[in-house]
Amino acid sequence: MAETVLMKGNEVIGEAAIIAGCRYYFAYPITPQNEIPAYMALRLPRIGGTFLQAESELAAINMVFGASAAGARVMTSSASPGISLKQEGISYLSGAELPAVVVNMVRGGPGLGNIAGSQGDYFQATRGGGHGDYRTIVLAPASVQELADLTVEAFDLADQYRMVVVLLGDGYLGQMSESLKLPEPSGKEFDKSSWALTGASGRAPHIVYSLRLSPEPALEEVNLRLQAKYREIEKNEVRFDTYRSKDAEYLLVGFGTSARICKAAVNILRREGIKAGLFRPITLWPFPSLAIERAAGSIKKVLAVEMNAGQMLEDIRLALWTSTSSSRNVVIDFCGRTGGMIPDVDEIVERVRNYEK
Amino acid sequence: MRNEDADVKLVYSMPESLVDRPNHYCPGCGHGIIHKLLTQAIDELEIREKTIFIAPVGCSVLAYFYIDVDGCEAAHGRAPAVATGLKRVHKDKVIISYQGDGDLLAIGTAETIHAANRGENITVIFVNNAIYGMTGGQMAPTSLASQKTKTSPYGRDPADVGQPIRACELLNTLEAPVFIERCAVNNVKNILKTRKAIKKVVQNQVLNIGYSFVEILSMCPTGWGMTPQRAVEWIDEAMIPYYPLGNFRKKESDHV
Amino acid sequence: MAKGKPGIDIERCKGCALCIEACPEKILKMSESFNRQGQPYTICFEPERCTSCMSCAIICPDSAIRIWRYVAV
């Protein structure tokens, strides 16, 4: 059994990537995720891996493109402004159907913003900040343990579906230290020999590309294949967690750090006899629409809690208000903080108390 | 008087690793010549099965359909970064970054300088035709002073947009590159020199000597609004005086 | 007496005419007729003066020219 260790969030991401077999990592300094490149710079050279600090986040994501095209497991990490620079590369990775793990320890925005944790990149992560009809799987950890577990899972999902998987943490999760059990490698193998660039020896050349000029429908065929893949992921890869939600009358909905605060609020409310529960999406894409619809079935009110101006809120509305079940009529309230501020547990508790009046 | 009795020997034909199909380049475009020289080098060095060719955005983005090796596209300007990723994974493969002037000296300047400065063991073939060809003839970082283009219709004005950039001289200030040379493909003599230089920059990588760079002045009749023959002359009259041909650096590796 | 001869793929030729200027013997010229691309193409009008120096083939951007050399039997 893996023994329990105490580690910092950012460093655990590096260790988990190594456990998952990642031996190539390209990144650029940006607070609040600097411990990841520092950790990889220490560890990778000692285990035959490659750590390289690129000249920009934009160069880094294209180094990821090259290493992935070569058939290797590869990761990059950054924070909001750096992730914006990677959007074009992420679109290219998606168009060329290349696997890659992109870690975003979100910080206050927009613009230079600040270095505190935030969830202001939800739209960018789940809707895609690059061009074209593409999706990325978006995983939202809420603890240092989950940073580790979801990193390992991210590599398997990326290889299985040949796409970009975004690990959407935030500055707080990255900077906090918690005890955890380091995950085991999943042991899954993925054969890349049909497409990886390894030198056309004894086979026809492989070409990794996303330009489809002719015949005219060629690009649409790629898109149809991508969309079919995304439908399959929406069916098979949804992940979420609930806390005391079975008999809940009020459902708090939050991911990542917000969910931690909601859990505290639920406990306080439960002690006061108010039946509150928590629904926590772990995959932000594919969004757990069916699951939240079921969880909200007999709910009086839903309270979305985020560290942004209300982004997952739209997915919650989409899931509940367009459903055919009773959740169609549920009232959805929102409580959020921006600019790197954290929602206050007392404010959430007070908000739900008032629902009773 | 015919020599029917004499035997006939084929002495010049298409290189084996150049795919036998028509290419999309304009009549008189230098890319076709450079593709031949590159595939001749690949044949001679017998590395077709271990070469990975990167074609970023530009007229040569489709080059992987003509060069019979593993191919990879790169976003505009990012080929040296993609090459870095590929080479770090496959240290034994020959990674070739084939780029135009907009790609290498405009949007990709940072990637160009830093891949060179790191001394990535890759080969960069820089086709300088002083214009953006694929998009229809816009001004490039290498367009000459007073050169008329779609985006410098009154002629490039250095007071407004600066002078053209000399890539070889720029990279020559860096420590790591082992080979830097500028050639041209506007006449047979120059083409034969370019052939040697291309073989050298590829061979350097095969022998792990280090980052090797060749800049090749190349005709773009369509973009320049000239006949192919006039474009050949314009390279002599206008480009070579500003972009002197020759070798800037030739480090032989100590262990060879 | 010719030392060799060029083999010109008239369909592959784009009529750029670079070979005409490159030929030291000046024995190449553009055809009167057109190929399938609607391009005039290169023809060798005085093959007996060909020295098989390969200049035309070397400069051809479209690999449309092959060169044979007569080898004494």
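Here are some questions and answers about this predicted model, each setting a value against the rule behind it.

Q: What makes C:Cys13 count as buried?
A: Its relative accessibility is 9%. Buried means under 20%, so C:Cys13 falls in that class.

Q: Is C:Cys60 buried or exposed?
A: C:Cys60 has a relative accessible area of 9%, which is under 20%, so C:Cys60 is buried.

Q: Why is A:Thr76 called buried?
A: With a relative accessible area of 0%, A:Thr76 is under the 20% limit and therefore buried. You can find A:Thr76 in strand 4 of chain A, residues 74-78. Leaving aside neighbours within four places in sequence, A:Thr76 is in contact with several residues, among them A:Tyr25, A:Phe26, A:Ile61, A:Lys86 and A:Val102.

Q: What makes B:Asp20 and C:Arg12 a salt bridge?
A: Their closest N and O atoms are 2.8 Å apart. Across the interface of chain C and chain B, the rule finds one salt bridge.

Q: How many residues of chain C are in contact with chain B?
A: On the chain C side there are 25 residues, and they are in contact with 36 residues of chain B. Between them the two chains bury about 2600 Å², with 65% of it on carbon and sulfur atoms. In chain C, the residues that lose the most area to chain B are C:Arg12, C:Lys14 and C:Ile58, together 22% of what that side buries.

Q: Which elements give two or more residues to the side of chain C that touches chain B?
A: They are helix 1 (18-22), helix 2 (55-59) and strand 4 (65-71) of chain C. Strand 4 of chain C gives the largest share, seven residues. By residue type, this side of chain C divides into 17 nonpolar, two polar and six charged.

How values were computed. Residues numbered from 1 in each chain as written. Chains lettered and ligands numbered in written order. Predicted model: local features only at pLDDT ≥ 70, side-chain atom pairs only at ≥ 80, totals over all residues. Heavy atoms only, no water. Buried < 20%, exposed > 50% of the residue type's maximum accessible area, 1.4 Å probe, protein only. Helix = DSSP H or I, 4+ residues; strand = E, 2+ residues; numbered from the N terminus. Contact = heavy atoms within 4.5 Å. Buried area = accessible area lost by both parts, 1.4 Å probe. Salt bridge = Lys/Arg side-chain N within 4 Å of Asp/Glu carboxyl O. Nonpolar A, V, L, I, M, F, W, Y, C, P; charged D, E, K, R; others polar.
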